[in-house]
Amino acid sequence: MPSDSSVKKEGQGVDKFAEMAPDAVFSELDSTLDGLASDEAQHRLDSHGPNALVEEHMPLWRRLLSYFWGPIPWMIEIAAVLSAVNQDWKSFGVIVSMLLINGGIGFWEEKSASDALDALKGQLALQARAKRNGQWTEIEAATLVPGDVVRVRLGDVTPADVKLLDGDYLSVDQSALTGESLPVTRKSGDIAYSSSLIKEGEMVAVVCATGADTFIGRTAKLVQGAGAVSHFQKAVLHLGNLLIVMAVVLSAILVGVEIVRGLPLLKLLSFVLIVVVASIPVALPAVLSVTMALGALALSRMKAIVSRLEAIEEMAGVDILCTDKTGTLTQNKLTLGDPVRFEAPDNADILLCAALASKEENRDAIDNAVIEALSDRAVLDKYRQARFTPFDPTHKRTEARIEADDGSAFAVTKGAPQVIIQMCQLAGDTLERAQEAVDKAATKGFRTLGVARSNEDGENWQFLGILPMYDPPREDSRQTIADARVHGISVKMVTGDNTAIGREIARELDMGTNILSSSRLQEAESANSSAGAQLAQLIEQADGFAEVFPEQKYAIVKSLQDSGHIVAMTGDGVNDAPALKQAEVGIAVSGATDAARSAASLILTAPGLSVITSAVEEARRIFERMMSYTIYRIAMTLNIMVFVVWAMLVYNDYPLTTIMIILLALLDDIPIMTIAWDNAELSAMPVKWQMGRLLTISSVMGAMALAEIIGLYLLAREVFHVDVAQTQTMMFLGLIVGGHLLLFLTRTRHAFWRPPYPAWQLFSAIVATQAVAVLFVGLGWLMTPIPWAAIGLIWLYDLAWMVVTDGVKLGAYQLMEHRASHHRRFLEVPGHPIQPAHSRRG
């Protein structure tokens, strides 16, 4: 990675502005400190293009061609060629049709997933504060143009290459550009590069370069992480590969035996290739991707945006949710109580100084509450902020240097009472009175602000007083926490507020009152192994944590993970990023900084805890859809492949024609495409898949399906002595009917007639394909027809087997649950063969 100095060397296009005075910069960019007019900004946007890195999309013809190039398409194409060599033109036409339809299905599935991901990316667009038409406004960062005047502050991702103009300083994390782990300081006249994180400070800047013209735009390659494969997908794809190997081995045995028996080689090879293609889970990766992508789109409609698809799997297994208080458990609508006066002449003076230490355009909840509490906001017109230092989690206060109309100057500050008290060096009775006021307010659930004033140089601070503020709990928080418990999720409060405040809010929300203070957490750094274990137990048993610094969130998450939990952690600030990254599910709450959003795997666009719990529930449903399809596909692979090999080895006849197998594959795939919309069960506990149990239930279902089709074959050949051609037609219908009925069984752990019932998309697709199959066998399209009475009997036979198989399925689940109950670390969930999330790290 380049060093900081090499960044400047390579970024000469923007660094030419570093040596220019502000007037020269504005002259070069044809702009002013009041920013650009809207029409001029639009003109420049048309000229320079959007402020974004351009993604290279594969041409449509190449995307289509990719579906006809690869191991599976090659097998189908070879089968088509062999059919042509054998002059079996009917089979040749159907095989080519299968190739085209498979390509179309694959293209449609990829397009569905791509459209869903594009919609998510649109909702994740970064915002920027820019001055347009002389007014500060919030716009999409992609619409910034050179010459725009912007404000960047703590928690922002720098939206473009900018020259810093006004403000004290910025502490900038350029690790994404330089690899340097320590932040660098940037002051007026310096350049800040696009995509760097603002760790401290606030400054006004002018945009010098956007999009591909920025330093990162010229040097960085776009990394697309939206399509990353989850642990579940990797394991299932590995399982798919094993099934392919099994199919190839069985096919090799079959080919060897039939060649010895004297079957024509070319016809045999064509048939075997099609059987392999029809039996192996060709559509498995695409179905999983579409299911997750459409599930992620459904989550976005619930105001929860997934930044990476694999996070859905992690969300389904969350068993502990660490949530901040303000804006998530509470309404983030602050109401000021009666000030507690110390050295201020009156209460109005406390409010005035607190308002002067605020910045309205930053839209901070505390700043807005203070300013709105003024009886006459016009009083602010008599003062000007010469300098403003915004709040940051380390210093926990704001400060402003004020110049009055009468020529006087002074400094004001507001922030955490303990910080302001220390600055003012309170002692004796005054200190005791201040601490008593803070504690008394905290026991009522009130937050407090200390307010102080000093001379122009920031010396000799006077403690003016304390402002109590109340942020009431959200109306839905109590019920949502109760619902989370029902679903196996323990909710723990994590707040920077006073312990008494946290305990009072927790009591109101029925979360428990065992609130652990940050002073207890600090023991982790110096404790020996025994004390460390005790602290881990304290953290696990705590109902919440108070007076927590952002960096301590990481320690909380790590401790809970080490205890075997899958943790979701909420955050909104730049210093929350380490904890958000460490948690299996990092959640950027509504209104979070760009830095927190970029570190999170779930980004909320609406306030409240109910959004999170709803997202977890939906993630579990998505997980169930993937699980039910995987069970079905493994069972059908075992069924088709083993049946065909068994019939040919035992009876030395083709149990199906090549055309039938192709039609079977096509008609089977159509309902599968709709499983992403199915009504899935909601597990009452956190879930995680387990390969051993997945294989067990899949094998049981596959064995029952195999017994069903072999039984039908024996009835046709040995009992009713049906000829080979009609037997083949009966097997075709039996596999179509039995396969789709099996899908109704694998989609639920319970009896198939119990809710949730199949979605109309899935049910309609199955009914339509069954109707087509009946027409093929009844009217003799591309196969020998069978009597309508035989069709009805096959349906009755498969329905009877459906009931029997369902009973065996229920027994298998009960047996697995009974065995799991003997393991104290494992708690079986009422879903598919999955284990609870907290066993994952065991």
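1. The largest nonpolar core has 138 residues, and those touching the most other members are Ile312, Met315, Leu602, Phe643 and Phe732. Helix H26, spanning residues 610–651, gives the most to this core, namely 23 residues. The model is a predicted one, and the points below should be read on that basis.

2. Ile312, one of the core residues named above, is in contact with Met292, Ala296, Leu299, Val306, Ala619 and Ile622, with residues up to four places away in sequence not counted.

3. On the overall make-up, the protein has 31 helices and 25 strands. Of its 842 residues, 55% are buried. Among contacts with a separation of 6 or more, 73% are between residues 24 or more positions apart. The accessible surface is about 35,600 Å², and carbon and sulfur atoms hold 56% of that surface.

4. Helices H29 (residues 724–746) and H30 (residues 760–779) have axes that come within 10 Å and cross at roughly 170°. An angle over 145 degrees counts as roughly antiparallel, so that is how H29 and H30 run relative to each other. By class, their contact has 12 nonpolar residues, 4 polar residues and no charged residues.

5. The residues that meet are, on the H29 side, Thr729, Phe732, Leu733, Ile736, Val737, His740, Leu743 and Phe744, and on the H30 side, Leu762, Phe763, Ile766, Thr769, Gln770, Ala773, Phe776 and Val777.

6. The loop between H29 and H30 holds Pro756. The peptide bond joining Pro755 and Pro756 is cis, with omega about 5°. Most peptide bonds are trans.

7. Two residues deserve a look at the backbone. Asp30 is not a glycine, yet has a positive phi of about 55°. Asp30 sits in the loop between helix H3 (22–29) and helix H4 (38–48), and counts as exposed because its relative accessibility is 59%. Glu547, also not a glycine, has a positive phi of about 55°. Its place is the loop between strand E20 (544–546) and helix H23 (550–562). With a relative accessibility of 32%, Glu547 counts as partly exposed. Most residues other than glycine have a negative phi.

8. Leu170 belongs to strand E5, residues 170–173. Its relative accessibility is 0%, so Leu170 counts as buried. Apart from neighbours within four places in sequence, its contacts are Val152, Leu164, Val184, Thr185, Arg186, Ile198, Glu200, Gly201, Glu202 and Met203. Asp190 is 20 residues from Leu170 along the chain, and their C-alpha atoms are 9.9 Å apart.

9. Ser477 lies in helix H18, which covers residues 477–486. Relative accessibility is 0% here, so Ser477 counts as buried. With residues up to four places away in sequence left out, Ser477 touches Thr328, Leu329 and Leu509.

10. In helix H15 (residues 365–372), the buried residues include Ile366, Asp367, Ala369, Val370 and Ile371. Asp367 is the charged residue in that list. The buried residues of H15 pack against helix H14 (347–356) and against strands E11 (335–336), E15 (409–415), E16 (446–454) and E17 (462–470).

Conventions:
Residues are numbered from 1 along each chain as its sequence is written. This is a predicted model: local features need pLDDT of at least 70, side-chain atom pairs count only at pLDDT 80 or more; totals for chains, interfaces and linings use all residues. Side-chain values use heavy atoms; hydrogens and water are left out. Helices (H or I, at least four residues) and strands (E, at least two) are DSSP runs, numbered from the N terminus. Buried means under 20% relative accessible area, exposed over 50%, partly exposed in between (1.4 Å probe, protein chains only). Contact means heavy atoms within 4.5 Å. Accessible areas come from the Shrake-Rupley method with a 1.4 Å probe; for residues, only the protein chains shown count as cover. A nonpolar core is a set of buried Ala, Val, Leu, Ile, Met, Phe, Trp, Tyr and Cys residues joined through side-chain atoms within 4.5 Å. Axes are lines fitted to C-alpha atoms, for helices over the stretch in contact, and angles run from 0 to 180 degrees between N-to-C directions. Angles under 35 degrees count as roughly parallel, over 145 as roughly antiparallel, 65 to 115 as roughly perpendicular and the rest as oblique.
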